[in-house]
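Take a walk through this model, one region at a time. Keep the sequence beside the structure as you read.

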Amino acid sequence: MPNEQDPVPLQSPIIDRAERVVIIMAMEAEAAPLRDALGAQPLEAPVWASGLPCRLSHASKTRRRPDVVLAVNGTDPIYGVDAVGSTAAALTAHVALNLDRPKPDLVLSVGTAGGWLRAGAEIGDAFLAWPHFACHDRRIPLPGFEVMGLSELPAADLRSHASALGCRLGIVSSGDSFDESKTDRERIIANGAEVKEMEAAAVAWVGHLHGVPTGALKTITDLVDSPVATEAQFVENLATAAETLRSKTLALLECLARDDRG
Ligand code: ADE
């Protein structure tokens, strides 16, 4: 872990290649197709994390992709549903970045997200986070805390892969609610986000604590400003989105493994 003598600068390192990638996902339905496609095998959590809900798996490096640890938030032990949101995402990221394994080059928050008609989004669009993450529901009007609440943390610079993947680039804004309150809406318009979800900024914060650049790959299941209820759109589009997450994440991993340096 970095300490005061070893501050981690707030910057967006260019990530063209990676040997080791940690992927953090929230819902089992989002993660299952990717886990299967990777052939990832269960990975035992360290003893100190063995009671936590996160589900770890591992796929070794091949010629076509980096070594991958896939960490899914798991089932909430109290409520019996996927542990979505920032608290579980931070916990999962902390576990996955504290395994007894070499430090990864990149941590990726991968999952579904909402977009907006007003920003030209369409269902099925895929985004890479750029240039930063933000939070839209942490309002702390006290000196210093306001900025901390906004939590504008830099995204790993994955722009060189965007066109090969057919991904758009955009600010990813996280909050702990699936709906969009009037205040959320105002803050999202102010922060210029194109993607709304519930985990990426938390993963980026933990990535920063560990000195690991954080990127995000998100696919749009719902258009928040459409007249159709967001949750109905989400349910209808979740399975297709999970396939998109599988194919785009595999393609990104292939780009990161490609050695075309001669
Ligand atoms: N995940 C998918 N759609 C979402 C939305 N509209 N808000 C938050 N998280 C989401």
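Predicted model: local features only at pLDDT ≥ 70, side-chain atom pairs only at ≥ 80, totals over all residues.

Step back into the helix itself. H1 covers residues 28-38, and its buried residues are Glu 30, Ala 31, Pro 33, Leu 34, Arg 35 and Leu 38. Two of these, Glu 30 and Arg 35, count as charged. An α-helix has 3.6 residues a turn, so residues three or four places apart point the same way. What do the buried residues of H1 pack against? Their partners are E1, strand E3 (55-59), strand E4 (67-72), E5 and H7.

Glu 30 leads on to a pocket. Glu 30 is one of the residues closest to the centre of the second largest pocket, along with Thr 112, Phe 178, Met 198 and Glu 199. In total, 28 residues line this pocket. Its space comes to about 310 Å³. Which elements build the lining? Strand E1 (20-25), strand E5 (106-115), strand E8 (195-197), strand E9 (214-223) and helix H7 (230-257) each supply at least two residues. E5 has the largest share, with 6 residues. By class, the lining holds 13 nonpolar, 8 polar and 7 charged residues.

Now turn to the ligand. Around the ligand stand Thr 112, Ala 113, Gly 114, Phe 178, Lys 196, Glu 197, Met 198, Thr 221, Asp 222, Val 224, Thr 230 and Phe 234. Thr 112, Phe 178 and Met 198 are in this group, and they are also among the residues closest to the centre of the second largest pocket.

The largest pocket comes next. Its volume is about 380 Å³. Of its 19 lining residues, the closest to the centre are Cys 135, Arg 138, Met 148, Ser 151 and Trp 205. Helix H2 (86-96), H3 and helix H6 (200-210) each supply at least two residues of the lining. H6 gives the most, with 4 residues. The lining divides into 10 nonpolar, 5 polar and 4 charged residues.

Ser 151 sits in the loop between helix H3 (145-150) and helix H4 (162-165). Is Ser 151 buried or exposed? Ser 151 counts as buried, because its relative accessibility is 9% and the cut-off is under 20%. Beyond its neighbours within four places in sequence, Ser 151 is in contact with Phe 133, Ala 134, Cys 135 and Arg 138. Cys 135 and Arg 138 are, like Ser 151, among the residues closest to the centre of the largest pocket. The backbone of Ser 151 has a phi near 50 degrees, a positive value in a residue other than glycine.

One more backbone feature remains. The peptide bond from Trp 130 to Pro 131 is cis, with omega near 0 degrees. Pro 131 lies in strand E6, residues 126-135. Most residues other than glycine have a negative phi, and most peptide bonds are trans.

Notes
Residues numbered from 1 in each chain as written. Heavy atoms only, no water. Buried < 20%, exposed > 50% of the residue type's maximum accessible area, 1.4 Å probe, protein only. Contact = heavy atoms within 4.5 Å. 1 Å grid on protein atoms, 1.4 Å probe; cavity = no way out; pocket = protein on both sides within 12 Å on 5 of 7 lines; lining within 4 Å. Points joined across faces, edges and corners; volume = space filled by probe spheres on them. Near = heavy atom within 4 Å.
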